[in-house]
Amino acid sequence: MTNYLIRRSFQMIMVLFFSALVTYTLLSLAPGGPWEALLSQQGSETRRIDADDIARVRAQYELDLDNIWRFSRWLIGWPAGPIKIGGQEFLGDFVVGCYKPIQETNALGEPIIVGCEDTVTMKELEGRRTSKGVVFGDFGLSWGILRDRPVMDVLWSRIPVTLQLMSVVTVLSLMIGIPLGLISAIRQYSVFDYTVTTVSFLGSSMPTFFFGILLILIFAITFKQMGWFYLPPGDSVSSRAYVVPLLGRVEAKSLLDQFLHMIMPTTVLTMFSVAGWSRFIRSSMLEVLRQDYVRTARAKGLLENTVLVKHAFRNALIPFVTIVVFAIPGMFGGAIVTETVFNWPGMGRLFIDALSRSDYPVGMAIFLISAFLTVIATLLGDILYTFVDPRIRLS
Amino acid sequence: MTAPAAPVRKVVEVLQPEAMPKEETQFTVIRRRFMRHKLAFFSLILLGLIFLASLFAAQIAPYGPTEIEIGNAFARPGAVDEATGKTHWLGTDHLGRDYFSRILYAARISLTVALCVVIFSTIVGSLFGAVSGFYGGLVDDVGMRLVEFMLTIPDLPLLLIISSILLQSPDIVPVPKAVIDFTAAAMYISSREALQVIMVILVLTAFGWLGVARLMRGMVLSIKNMEYVDAARALGVSDFSIITRHLIPNAFAPIIVSASLALAGSVITESVLSFLGLGIQDPTPTWGNMLSFTQDYMFQHPWLPLIPGLPIFICAMAFNFVGDGLRDALDPRLKR
């Protein structure tokens with residue numbers, strides 16, 4: 001078991017390292033950000049920007065360092081100065097970047113860098129503002145959403161709302177999906193089974209955003225026009241009190257208000273999860289019911305209920321463990337599309353906002369954390385599987 | 001011995017219908033089994049109709065997809081334009097563009113993107129999986145590590161990041177001008193839009209081939225030990241020929257099923273990308289970005305989101321039904 005854990009942890013670290021590398025490459029390719037704004041101002045006449053300004057801003061965003069040092073500073077916050085051993089400094093003169101490159105236009109009219117006027121040495125790295133590194137939770141500063149504020153602050157502000165939605169969705173999906181799957185397997189070919197499988201099929205082929213918009217259409221718009229009880233269509237809380245027929249006046253930000261706002265996004269997400277999970281549990285349960293031990297239990301004369309509860313259910317839910325662990329990254333990441341449709345201020349919406357406003361540090365941070373949680377969830381699923389199914393032994 | 005009274009007739013003549021059943025090719029068998037699923041068959045016909053309608057969009061649509069007429073915004077369905085006498089079958093959008101025409105042109109783009117993505121990812125994935133499964137050893141290890149690594153990463157966020165980067169600076173990926181021109185000519189769109197379409201196809205293919213590769217590898221691993229492969233090798237057939245002429249055709253049944261289900265997924269993913277503003281941009285019509293606009297105006301005109309939303313739903317369902325029907329039709333050939 002420990003062998004397996006060590007091997008898997010090593011694999012995990014490799015996967016995460018490559019994810020960080022991919023993220024970082026995308027981040028450096030990413031357009032937009034303050035650097036581009038500065039470049040675009042360079043051409044205009046209203047502000048004269050000379051080479052010193054450019055060099056300073058480049059240094060501020062660490063664009064003057066060589067790529068590999070930039071990556072390592074982004075990842076672990078090192079090198080942040082010359083190596084200090086026993087009070088003595090080494091490698092103080094090691095060149096790590098170019099503060100002022102010499103630019104020329106080549107034959108095609110494109111600017112190319114031919115040399116370096118002023119290099120950056122390790123000694124000069126001292127005292128520069130640096131992050132502690134992604135590994136230690138410092139994702140840098142936001143470029144747009146909260147200008148120059150730490151990305152972690154931005155993320156933390158969205159987590160409570162996201163957890164509020166996703167935890168309710170997960171609990172509801174478990175409470176509804178598991179029984180639906182189990183019962184429709186027990187009563188195979190019945191009307192119940194047929195309904196459940198059809199609805200699951202519909203649920204998994206209907207795009208979530210369309211379903212969300214349909215719900216808004218029905219419950220928020222049409223009902224309101226008809227003067228019936230309606231649900232508020234967007235955000236997680238209203239900013240003013242409003243009147244709902246049947247419930248009377250609803251105060252802004254009250255518990256009832258939050259509840260009403262949560263109904264529709266929860267329905268969309270739960271429907272989606274239930275569709276997928278109930279299908280999986282159903283097929284798993286069908287396989288279990290065909291097994292010999294179930295036949296033996298029945299032959300022994302046990303009540304059908306006992307057979308199901310003591311033997312079948314437990315075994316049917318074993319493979320489900322590997323599926324349900326993926327709800328963990330979902331809890332953090334929210335639901336990108338549904339939150340956009342319902343304007344729910346969660347992580348998913350933050351991700352889209354960040355991307356459309358070219359605030360790539362925030363986007364990358366969300367992506368990297370999601371990847372990290374997914375990898376952990378995969379490992380957790382595999383480990384749990386061995387606990388739940390004694391027949392599986394990890395070498 | 002007395003001669004029999006009746007003339008002797010050959011057994012074959014008497015028992016012809018039962019002794020010699022009509023010869024059926026594999027394709028006929030599959031087709032017969034497929035048509036037993038009425039839903040799947042009907043979906044296939046529906047998809048064929050949609051495909052034809054999108055192909056002849058220029059002839060069927062009364063208006064162009066980008067004809068703006070701001071004064072005529074939000075006309076009711078069935079309104080007739082006085083100047084030209086053509087009807088707006090589904091009304092107009094917020095800029096006065098005819099919905100019906102836009103839906104048809106959007107069908108062309110959405111279906112083309114989905115088809116291209118699935119074809120390319122099937123080709124790439126099959127080759128990758130077949131080579132990986134056939135050679136085994138280090139090639140297989142490295143290949144499958146790569147596939148697993150990419151599968152572990154959550155795909156939608158990465159997809160969105162790459163789309164948004166490619167959207168703002170499309171010159172990161174060098175696309176030959178000939179390809180852009182070909183796409184623009186084939187779909188009657190400008191070359192800037194053709195570049196967007198190509199980007200979306202590339203981005204979706206980059207994640208689409210993973211599932212196919214894993215599937216193909218599994219199939220190849222189980223077919224690899226069959227006798228005809230040994231025979232081919234003994235005859236000196238080259239590795240490449242073995243892969244392309246023996247392994248891939250025999251592994252194809254689950255690949256086809258997964259491809260038709262992937263078509264449904266591609267239609268939805270492309271519309272999600274466009275809905276979020278990171279796929280194909282306005283004014284090129286695609287069901288996704290039309291849906292995002294209708295959401296803004298939904299409160300005054302409630303029926304609007306149904307217009308682009310229903311085609312997405314119907315196409316996805318139709319592809320799913322066809323996939324299910326194919327899975328049942330091809331069942332005995334699936335090697336479990």
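The model is predicted.

Select chain A. Its secondary structure comes to 16 helices and six strands. Of its 395 residues, 31% are buried. Now consider its contacts between residues at least 6 apart in sequence: 65% of them join residues at least 24 apart.

**The two domains**

Colour chain A by domain. Domain 1 covers 34-142. Domain 2 is made of 153-217 and 270-388.

**A helix pair**

Stay in chain A. Select helix H6 (residues 151-186) and helix H9 (residues 255-289). Their axes come within 6 Å and cross at roughly 35 degrees. The crossing of H6(A) and H9(A) is right-handed. Show the side chains in this contact: by class, 19 residues are nonpolar, eight polar and one charged.

**Where chain A meets chain B**

Bring in chain B. The contact takes 36 residues from chain A and 34 residues from chain B. Which elements of chain A give two or more residues to the side that touches chain B? Select helices H1 (2-29), H7 (191-205), H8 (208-226), H13 (327-333), H14 (336-342), H15 (347-356) and H16 (360-388) of chain A. H16(A) gives the most, with eight residues. Colour the chain A side by class: 25 residues are nonpolar, eleven are polar and none is charged.

**The largest core**

Next, show the largest nonpolar core, which has 151 residues. Centre on B:Val200, B:Met216 and B:Val267, the residues with the most contacts inside this core. Helix H10 (residues 191-223) of chain B supplies the largest share, 17 residues. Now go back to the domain colours on chain A. Domain 1 (34-142) and domain 2 (153-217 + 270-388) of chain A both give residues to this core, so the core lies between them.

Zoom in on B:Val267. Leaving out residues up to four places away in sequence, B:Val267 touches B:Ser110, B:Ala114, B:Ile312, B:Cys315, B:Ala316 and B:Phe319.

**Last stop**

Another core lies apart from the largest one. This core has six residues, including A:Val96, A:Val120, A:Met122 and A:Leu125.

Terms used: Residues are numbered from 1 along each chain as its sequence is written. Chains are lettered from A and ligands numbered from 1 in the order in which they are written. This is a predicted model: local features need pLDDT of at least 70, side-chain atom pairs count only at pLDDT 80 or more; totals for chains, interfaces and linings use all residues. Two residues are in contact if their C-beta atoms, placed from the backbone, lie within 7 Å. Helices (H or I, at least four residues) and strands (E, at least two) are DSSP runs, numbered from the N terminus. Ala, Val, Leu, Ile, Met, Phe, Trp, Tyr, Cys and Pro count as nonpolar, Asp, Glu, Lys and Arg as charged, and the others, Gly among them, as polar. A nonpolar core is a set of buried Ala, Val, Leu, Ile, Met, Phe, Trp, Tyr and Cys residues joined through C-beta atoms within 7 Å. A residue is buried if 20 or more other C-beta atoms lie within 10 Å of its own, exposed if 12 or fewer, and partly exposed in between; C-beta atoms are placed from the backbone. Domain bounds come from an automatic or database domain assignment. Axes are lines fitted to C-alpha atoms, for helices over the stretch in contact, and angles run from 0 to 180 degrees between N-to-C directions. A crossing is left-handed if the near helix is turned anticlockwise from the far one by less than a right angle, and right-handed if clockwise.
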